[in-house]
Amino acid sequence: MVAVGQMNDAPRRRRLRISNSVTTYRVVALVLLFALWEIAGASGLFFRGVIPSTVLIAQAFVRLFGDPAFYTHFGITLFEIVVGFVIGSSLGVVVGLALGINRYTGEVFEPMLNYLASTPKVVFLPILLILFGIGVGSKISLGAISCFFPMALSVAAGVRTINPMFLRVGQSLNLSFGHRIRNIYIPALLPPIATGLRLGFGIATVGCLMSEIKLSNHGLGYAAMQAYNRFDIPTMLALLLIIFTLAGLGNYLIGRFVRLPGPTNRRTTVLPPR
Amino acid sequence: MPTWLIRPEPIYARFLFLGVLLLVWEFASLAGLMSRFIVPPPSEIFPTISVLFSDYDLTGSFLRTFGETFAAAGLGALGGILGGWWLHHNRVAGAAYTDWMAAIAAAPLVLLFPLFLVIFGRNAATIIAMGTVASLPPVVLKTKEGLDNVRGVLVDVGRTFGLTRWQQVKMIMFPASLPTIFTGLRLGLVFALINVVGVEYLIGFGGMGLLIADLGDRFEIAGMYAAICFVILTSICFFYLTEKLETWLLSAR
């Protein structure tokens, strides 16, 4: 009995040992990163102040959180990202559906979308600045353009993996086009939509922030560039860390919010574990 | 009406669509439906491409961007393949850092450019460093994925034949994981191009990005549109060539 108990315990103990090692590796990496940063800052290899101490960065965080202007910048950036993201991803879903449902339309337009998706979107910023000015319009539009492509391509690819049986059932039940979209396509497309949303949010953040950095008078990107121009590196780094946290948090929340259903209505099936 | 006219081949339909789009753009701009100062007609944009070559050294700008992108993607590929190999080889490191690498890949890394700017200064090193940072994570992740998914039976056959560890890597592991690794390299190249042009545009230094920023600042709108078209064409060529290279590599494997 003891021997059987020990045998059952062995994989658990091995998992625990690996889990402990993983934690050790992660802690070591963080400590190394911290130490390297401090050593690089104090080494004199870089210009004075280029790599500030983490204490100075922490103080900059405290200063920022106590400054009402920071919240204005934060609010504007958040507004631009969210509106750009909503517009771009909504259009992406519509276009993706159109390309995926009609095979011929997909064959004609999808390669063009693929090619444009790999183009640096920031090159469109001068046109958007002329069209919408330096206000929030140009930032929102670049964010929308940026997140449109991953969403459209993800949805178009997703439509083609829908189990054809569901489409035939829809036809047999004589469902209208609107009903088919609502009751078959959208539920089946939740996983690719979730992928598109997660990819799109990060890219929309980059689009909005890049336009703020290039030409703006508000937003976190503008504030970071102002800090850079004053050579206030701790504040600039604190703002960059806030931007990264915002992007990470958005990605995490989308992942949590879009609960993925099982792949029951898709062509690919996953066998349950034995 | 014949079928080829109602539903032409996709490639012809694509060109037809582009032609109609350009015609509508031309007439809308000429008829005053769109401001010619904001959206100049294609007949004004395309002739300026030759001006860009003669007066703005478009070839030099293209070669500079091309060189920076390949330097960044090359460094990213080297570091990424080594990193991916290490994460595959060391299982604990793989379990510890793969999620981190995925988070880094999804992070807006291009926004780190002010940090690189203060470290390296306003020069090509900053641009190449930014491109490398962006191209590294997809190569690491795809290399690890490719090596992890090599069929165990292939490795066992290698062992049976008494291959050394290096021979196993050279003759079994890398050829078997090549398709996935190449997908990572292709993603890395695209990410490097996006970041290189983006940083060039933002810091006003380098090749194509600087050219677009320069023309935009001077309000040479037709030239700016022509330069943007050129960047789009360049990325299309990159995408197309890497796609063809991938197909060729897979068939030659």
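Analyst: Domain bounds come from an automatic or database domain assignment. Chain A splits into domain 1 (1-51) and domain 2 (54-265). Their centres, taken over C-alpha atoms, lie 33 Å apart.

This is a predicted model: local features need pLDDT of at least 70, side-chain atom pairs count only at pLDDT 80 or more, and totals for chains, interfaces and linings use all residues. Residues are numbered from 1 along each chain as its sequence is written, while chains are lettered from A and ligands numbered from 1 in the order in which they are written.

Now chain B. It has 12 helices and zero strands. Helices (H or I, at least four residues) and strands (E, at least two) are DSSP runs, numbered from the N terminus. The radius of gyration of chain B is 23 Å, well over the 18 Å from the globule rule for 253 residues, so chain B is more spread out than a compact globule. That radius is taken over C-alpha atoms; the rule is 2.2 Å times the number of residues to the power 0.38. The C-alpha atoms of chain B fill a box of roughly 75 × 60 × 30 Å along the principal axes.

Next, the contact (C-beta atoms, placed from the backbone, within 7 Å). Chain B gives 37 residues and chain A gives 39 residues. Among the elements of chain B that give two or more residues are helix H2 (10-30), helix H10 (165-203) and helix H12 (221-252).

Key: Two residues are in contact if their C-beta atoms, placed from the backbone, lie within 7 Å.
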